[in-house]
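Dear colleague,

I am handing over the structure below, together with an account of what was found in it. Please read the notes with the coordinates open beside you.

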Amino acid sequence: MKRIILACALLTLLFCGCGEKAGQSDIITADNFQLDTLITITLYGYGDEAVFNDAFDEIERLEGLLSRARPGSDPDKLAKDAGGSFVSVSAETIFLLEESRKYSLLSGGLFDVTIGPLASLWNIRGGSGHYPSKGELDAAMALVNFRDIITDGSEAMLKAGGMEIDFGAIAKGYIADEVKALLIRKGVKSGVINLGGDVVLIGGKPGGENFRIGVQDPLGAAGEYIGVVEIAEKSLATSGNYERFFMHEGKRYHHIIDPKTGFPADNGLIQVTVITNDAVTGDALSTSAFLLGLEKGMELINNTEGASAIFVTSDKKVRLSEGFSDLFHLTNKDYLFLQQPGATVKVISGRDTSGIYKLSEDREIIINTGAGKNVVVISGGFVRMSEANCPNGDCTSHKAINKTGQQIVCLPNKVLIRIEGE
Ligand code: ADP
Ligand code: MG
């Protein structure tokens with residue numbers, strides 16, 4: 001039996017590049033083990049290290065309030081009185097119950113914070129894992145239903161005895177937002193808060209540049225990444241099947257459980273990273289999208305205002321949500337962009353279509369027009385113009401394209417490349 005915990009799903013690349021204004025002395029950083037993970041806070045251009053204690057104290061307070069493993073926490077109180085009576089809970093818990101309900105409805109019941117009995121049964125988070133019997137599964141599944149949470153003002157109740165709230169998929173994001181708000185109140189203008197994979201950015205780097213955040217390679221060692229997101233101010237949350245799992249008879253059982261089957265989600269996705277304005281949304285969305293699978297998960301992200309995502313499948317394909325291609329750079333050569341199955345590359349020369357090619361098949365296309373020669377390369381799901389002997393030589397400076405509707409135009413040679421279809 002093997003259990004691995006990756007401390008950071010997202011690696012912050014704190015490159016101190018040439019010409020960067022902030023020297024090492026302007027950066028302060030602190031680590032702590034909380035929330036069952038490693039927390040790292042890095043601040044730029046802020047001199048008072050006492051602020052770290054305030055941040056860690058706030059995490060401690062919220063963990064005590066929201067973690068079901070903590071005696072006296074709200075989930076603990078709710079579990080003790082489940083099937084009995086209402087208990088008075090904190091405003092934070094009421095907020096998280098309401099947010100959670102939203103994602104339960106959006107995911108068709110897959111995201112469900114009453115997952116507690118199933119999560120305990122599999123014992124992946126707190127222990128070494130347990131492969132349950134059919135009887136155990138049936139008993140636990142009968143206790144999972146978000147509709148059996150009743151709230152009334154500042155009170156809440158779980159309808160049936162044995163029910164249990166597990167905020168594991170959403171609390172970390174909420175806590176990250178609270179820590180960010182606290183640091184901003186203390187005057188922090190630039191920083192990175194990494195709560196074991198949920199990364200929250202305060203502003204950009206000093207000088208206005210974006211942070212470079214590495215997205216973990218789900219099949220690599222901790223700190224190896226598939227690509228880089230260049231971004232400021234936002235939050236990144238990752239859900240994956242590699243972070244917390246155990247092996248049983250050669251198969252991996254991880255900690256994100258489908259309440260409809262009672263088993264860990266098994267839909268071909270191995271990681272989803274979601275970028276949002278606030279971390280609580282990103283945390284809930286990444287787990288929801290992971291449970292929904294590639295197609296439905298992508299639909300959820302594309303329908304959520306302000307959210308973008310990077311999906312990774314078990315066959316090392318990467319798919320980005322709409323309008324996101326400029327922010328994420330795939331750097332790991334083991335991974336390829338996954339295209340819509342039917343996407344094609346149309347090559348038009350003058351008034352004629354000179355060819356239609358599959359975006360998923362690598363090839364080189366040479367176009368000879370009266371004005372000159374153009375070479376178009378389709379590779380790894382991207383199209384670019386590698387060569388063009390047009391008079392001004394500009395045609396090759398277009399960016400590589402990979403999305404339906406994007407095009408490359410070489411005006412002097414009257415050549416148009418356009419991605420079409422789904
Ligand atoms: P991480 O905790 O590694 O950041 P997630 O945000 O995806 O990963 O949360 C996974 C946790 O969510 C699990 O450890 C468990 O506590 C909880 N959980 C598992 N299955 C579900 C589910 N179907 N709905 C809501 N929460 C879940
Ligand atoms: Mg989550």
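In which helix does Val-51 lie? Val-51 belongs to helix H1, where helices (H or I, at least four residues) and strands (E, at least two) are DSSP runs, numbered from the N terminus.

Before going further, please note that this is a predicted model, in which local features need pLDDT of at least 70 and side-chain atom pairs count only at pLDDT 80 or more, whereas totals for chains, interfaces and linings use all residues. Residues are numbered from 1 along each chain as its sequence is written, chains are lettered from A and ligands numbered from 1 in the order in which they are written, and side-chain values use heavy atoms, with hydrogens and water left out.

Val-51 has a relative accessibility of 1% and therefore counts as buried (under 20% relative accessible area, with exposed over 50% and partly exposed in between, for a 1.4 Å probe and protein chains only). Leaving aside neighbours within four places in sequence, Val-51 is in contact with Leu-43, Tyr-46, Leu-183 and Lys-186, contact being heavy atoms within 4.5 Å. The C-alpha atoms of Val-51 and Asn-374, which are 323 residues apart along the chain, are separated by 58 Å.

Helix H1 (50–66) is also one of the elements against which the buried residues of helix H3 pack, the others being helix H2 (74–80), strand E5 (149–152), strand E6 (155–158), helix H6 (171–185) and helix H7 (279–292). Those buried residues of H3 are Glu-92, Thr-93, Ile-94, Leu-96, Leu-97, Glu-99, Ser-100, Tyr-103 and Ser-104. At 1.5 Å a residue, the 16 residues of H3 (residues 91–106) should span 22 Å, which agrees with the 23 Å between its end C-alpha atoms; the expected span is 1.5 Å times one less than the number of residues. Just after H3, Gly-108 takes a positive phi of about 60°.

The magnesium ion (ligand 2) is coordinated by Ala-169 (O), Asp-283 (O), Asp-283 (OD) and Thr-287 (OG1), at 2.1 to 2.6 Å; donors are N, O and S atoms within 2.8 Å of the metal (3.2 Å for Na, K and Ca), and because water is not among the atoms, sites may look incomplete. In sequence the donor residues are spaced A-x113-D-x3-T. Asp-283 and Thr-287 are four residues apart in helix H7 and so are separated by about one helical turn. Asp-283 is buried, with a relative accessible area of 6%, and Thr-287 is buried as well, at 8%.

Turning to the sheets, an open sheet of nine strands runs in the order E2-E3-E7-E8-E11-E14-E15-E16-E18, with mixed pairing, where two strands pair if DSSP finds at least two bridges between them. Strand E2 (27–34) and strand E18 (336–337) stand at the edges, each with a single partner strand, so one side of each is left without a neighbour in the sheet. Within this order, strand E14 (residues 269–276) and strand E15 (residues 308–313) pair in the antiparallel sense over six bridges, and Ile-275 has Ser-308 in E15 as its bridge partner.

Ser-308 is also among the contacts of Ser-321, a residue in the loop between strand E16 (317–320) and strand E17 (328–330). Ser-321 is buried, with a relative accessible area of 0%, and a polar atom of its side chain lies 2.9 Å from the backbone nitrogen of Ala-309. Leu-327, in the loop between E16 and E17, is partly exposed, with a relative accessible area of 33%, and its contacts, leaving aside neighbours within four places in sequence, are Val-228, Val-229 and Glu-230.

Finally, the cysteines. Cys-395 and Cys-410 form a disulfide, with their sulfur atoms 2.2 Å apart, a disulfide being a pair of cysteine sulfur atoms within 2.5 Å. Cys-395 lies in the loop between strand E23 (382–388) and strand E24 (407–410) and Cys-410 in strand E24, so the pair ties together parts that are 15 residues apart in sequence. Both cysteines of the pair are buried, and the link is right-handed, with 75° about the S-S bond. The sulfur of Cys-390 is 3.3 Å from the closest cysteine sulfur, in Cys-395, which is too far for a bond.

With kind regards

Key: Polar contact = N/O pair within 3.5 Å; in protein donor to acceptor, adjacent residues only side chain to side chain.
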